[in-house]
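Trainee: I would like to learn how to read a few features from a set of coordinates. Could we begin with the sheet and then move on to cavities and aromatic rings?

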Amino acid sequence: MLTGKILRMGKRYCSIILCLLIFFVLTGLPKGYASLPLSSEPDTDSRVAEIMQALSPEQRVGQLFVVTFDGSTISAESAVYSLIGGYGIGGVMLTAEYDNFDDREDVLLATRNLVTDLQQLSWQATLPRAADGTINTEPISGEAVYLPLLVGMTHQGGGANYSALHSGLTSAPSAMAIGATWDVGEAGRIGEIAGFELNALGINLQLGPMLDVMEYPRAGNPGDPGVRAFGGSAYWVGEFSREYVAGVHRGSQGRIAFVGQSFPGLGSGDRE
């Protein structure tokens with residue numbers, strides 16, 4: 001059953017979701033399809049314009065929605081199945097809260113299979129259908145636009161409480177622990193590991209460490225970043241954040257979009 005919960009991205013995120021989806025048209029396709037880095041496209045701007053022109057108003061609206069859903073498998077009876085196949089939503093978020101990860105030893109394989117099924121469904125939804133509803137597996141040029149799903153998860157480091165997938169991936173230090181090394185390169189190395197592992201799972205959207213500045217710690221305040229921030233200096237937080245994101249992109253070969261959480265303002269805000 002679909003939770004009905006839409007991510008609290010706000011209006012500023014809605015405007016970038018479609019851009020991210022177009023990015024992934026050029027960088028990642030479902031299982032069995034070639035995937036090329038964005039830089040290999042000779043004319044990216046014209047490709048983006050072509051995709052935008054081909055989308056109907058209904059499709060553009062559908063791409064703005066990123067939803068959560070229950071369970072670690074999908075079927076024709078799943079609400080998320082109809083949202084992807086019938087309404088062309090832009091993406092999904094995988095969370096432990098809604099049991100998207102099987103609690104078993106091969107959780108990584110199960111997660112990869114789930115992501116593959118979601119992307120295959122998204123691709124099949126763009127294929128032409130016969131009168132009896134059967135799918136023509138050879139898409140006709142000009143009749144459909146395939147936009148891969150954004151499949152995201154939270155992955156911040158610093159323990160299971162800050163990452164959606166609680167086991168199977170490399171245990172990373174918190175952002176504050178990385179910042180305490182005063183080694184910007186360390187942030188890049190940790191980001192590279194995260195990018196490599198998430199890309200191997202098929203994840204293409206990472207909600208990562210906070211890019212906020214821990215200027216005035218307020219322990220116990222719900223808005224306090226705690227160990228999830230790189231530090232209390234705007235300059236050094238910027239340097240560590242930049243290198244971490246660059247590492248994610250290197251590790252994933254440019255196939256992961258990164259969203260820094262709670263930026264800007266929670267760390268130095270004066271509100272409760």
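Mentor: In β4, the bridge partner of G152 is L205. This is a predicted model, in which local features need pLDDT of at least 70 and side-chain atom pairs count only at pLDDT 80 or more, whereas totals for chains, interfaces and linings use all residues. Residues are numbered from 1 along each chain as its sequence is written, and side-chain values use heavy atoms, with hydrogens and water left out.

Trainee: How many bridges join β3 to strand β4, and in which sense do they run?

Mentor: Strands are DSSP runs (E, at least two residues), as helices are (H or I, at least four), numbered from the N terminus, and two strands pair if DSSP finds at least two bridges between them. Here three bridges join β3 to β4 (residues 205-210), and the two run parallel. β3 (residues 150-154) also pairs with β2 (residues 91-93) in the parallel sense, again over three bridges; V92 has V151 as its bridge partner in β3, and M93 has G152.

Trainee: What is the strand order of the open sheet?

Mentor: The five strands follow the order β1-β2-β3-β4-β5, with parallel pairing. Because β1 (66-67) and β5 (257-261) each have a single partner strand, they stand at the edges, and one side of each is left without a neighbour in the sheet. As for β3, four of its five residues are buried, which is to say under 20% relative accessible area, with exposed over 50% and partly exposed in between (1.4 Å probe, protein chains only).

Trainee: Which residues lie closest to the centre of the largest cavity?

Mentor: Rolling a probe the size of a water molecule over the atoms shows where empty space is left. A cavity is a set of points on a 1 Å grid over the protein atoms alone where a 1.4 Å probe fits but cannot get out, and its lining residues have an atom within 4 Å of a point. Of the 15 residues lining the largest cavity, H155, A172, I190, A194 and Y244 are the closest to its centre. The largest share of that lining, four residues, comes from α7.

Trainee: How are the rings of W236 and F240 arranged?

Mentor: Rings of Phe, Tyr and Trp (its six-membered ring) pair if their centres lie within 6.5 Å, with planes under 30 degrees apart stacked, over 60 edge-to-face and the rest tilted. The whole structure has six aromatic pairs; W236 and F240 have ring centres 6.4 Å apart and planes at 50°, so this pair is tilted. W236 is partly exposed at 32% relative accessible area, whereas F240 is buried at 2%.

Conventions
On a 1 Å grid over the protein atoms alone, a cavity is a set of points where a 1.4 Å probe fits but cannot get out, and a pocket is an open set with protein on both sides within 12 Å along at least five of seven lines; lining residues have an atom within 4 Å of a point.
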